[in-house]
Amino acid sequence: MRKISILKKTWAIEGCLPGEKEVFLAGFAIKKKIYTGKSKYQSIDIFDTQGYGRMFFLDGLVQLSTKDEAVYHEMLVHPALMNHPSPKRVLIIGGGDGGALREVLKHPVKEAFLVEIDEKVIQVAKKYLPTLCRSAFQDKRSKIVVTDGIEFILKYKNYFDCIILDSNDPDGIMAAKLFEEKFLRAVKNALTKDGIFSAQTGYISDTFGMKARIVMKKVFPFYELHRAFVGSFPRDEHSFPVASLKVNLKNITKTVLEKRYKQRKISTLYYSPAMHLASSVFPPSFK
Ligand code: SAM
């Protein structure tokens with residue numbers, strides 16, 4: 001058996017979600033500790049790793065790695081905005097690392113709100129994760145608001161074309177309320193009549209994420225689930241549900257997507273019109 005030098009390295013081991021059985025661990029060999037600290041909401045750690053570039057943890061859970069964050073942020077943002085004929089006002093709740101904001105700004109939007117409860121996440125991301133946010137926070141269309149998304153959303157009615165929920169996982173302490181029916185109805189209320197909502201709901205096989213998606217299907221008339229494998233979340237494929245008030249998401253054709261992709265001059269590493277459609281195909285057993 002190949003002698004593994006596991007003990008000679010230092011590892012960042014991703015913990016389990018509260019209440020989760022410890023049946024799986026993911027370890028990332030550390031090259032260098034970049035930042036470690038605590039905000040009033042969560043612990044924040046950033047490491048340079050030997051195989052995944054720079055990694056960002058909140059409360060001991062992987063949020064992203066520079067190696068494959070494009071997969072996550074592109075699949076969280078583009079299926080929603082590409083389903084919309086002309087997204088002008090977009091809201092991101094969470095996403096303090098700036099990755100989702102960077103992707104939203106690739107579309108010809110007029111306003112991109114980012115509502116992040118934890119200012120420390122934005123400060124640390126700007127300083128230590130510059131390839132994530134790039135110039136997104138400085139873009140004149142960006143409106144950065146540090147507050148609880150649950151309160152912020154109540155101030156808007158019929159305003160946003162797209163709302164993106166880039167929060168911690170549904171079963172984490174931070175974000176559980178963001179997946180309850182009351183909040184999703186407030187999201188629906190803040191959307192315009194042909195508005196579109198997307199979220200990240202953790203691993204595709206995660207029960208909390210499934211419960212969150214059942215509530216989404218109850219609140220919104222149209223719904224489509226997309227999946228992508230993100231290497232930094234190695235337990236399973238990641239889930240990206242999209243919900244719509246008026247656009248029947250199953251009727252969006254590749255021709256429409258290709259036209260919008262070309263017209264908006266979008267460049268992406270992982271998302272494409274073909275991937276948009278392929279990522280919503282599931283094995284029969286999954287149904
Ligand atoms: N990429 C990550 C993942 O895969 O789980 C999630 C991205 S992001 C770092 C999650 C952000 O949501 C955190 O910065 C957290 O502070 C923020 N957040 C959690 N609850 C929130 C709330 N109620 N309002 C606004 N932001 C919130």
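Modeller: Cys 162 has a relative accessibility of 0% and therefore counts as buried, and Cys 133, with a relative accessible area of 3%, is buried as well. This is a predicted model, and a search through the whole of the structure finds 0 disulfides.

Turning to the domains, the assignment for the chain gives domain 1 as residues 4-65 and domain 2 as residues 69-286, and the contact between them takes 24 residues from domain 1 and 24 residues from domain 2. Taken over C-alpha atoms, the centres of domain 1 and domain 2 are separated by 24 Å.

The size of an interface is often expressed as the accessible area that is lost when the parts come together. Between domain 1 and domain 2 the buried area is about 2200 Å², and carbon and sulfur atoms give 64% of it. On the side of domain 1, the residues that lose the most area to domain 2 are Phe 24, Tyr 41 and Leu 64, which together account for 23% of what that side buries.

As for polar links, 6 residue pairs are in polar contact between domain 1 and domain 2, counting pairs with both residues at pLDDT 80 or more, while the count of salt bridges between domain 1 and domain 2 is 0. Among the secondary-structure elements, β2 (26-38), β3 (43-49), β4 (54-58) and β5 (61-65) each supply at least two residues of the side of domain 1 that touches domain 2, and the largest share of that side, 5 residues, comes from β2.

Technical notes
Residues numbered from 1 in each chain as written. Predicted model: local features only at pLDDT ≥ 70, side-chain atom pairs only at ≥ 80, totals over all residues. Heavy atoms only, no water. Disulfide = S-S within 2.5 Å. Buried < 20%, exposed > 50% of the residue type's maximum accessible area, 1.4 Å probe, protein only. Domains from an automatic or database assignment. Contact = heavy atoms within 4.5 Å. Buried area = accessible area lost by both parts, 1.4 Å probe. Salt bridge = Lys/Arg side-chain N within 4 Å of Asp/Glu carboxyl O. Polar contact = N/O pair within 3.5 Å; in protein donor to acceptor, adjacent residues only side chain to side chain. Helix = DSSP H or I, 4+ residues; strand = E, 2+ residues; numbered from the N terminus.
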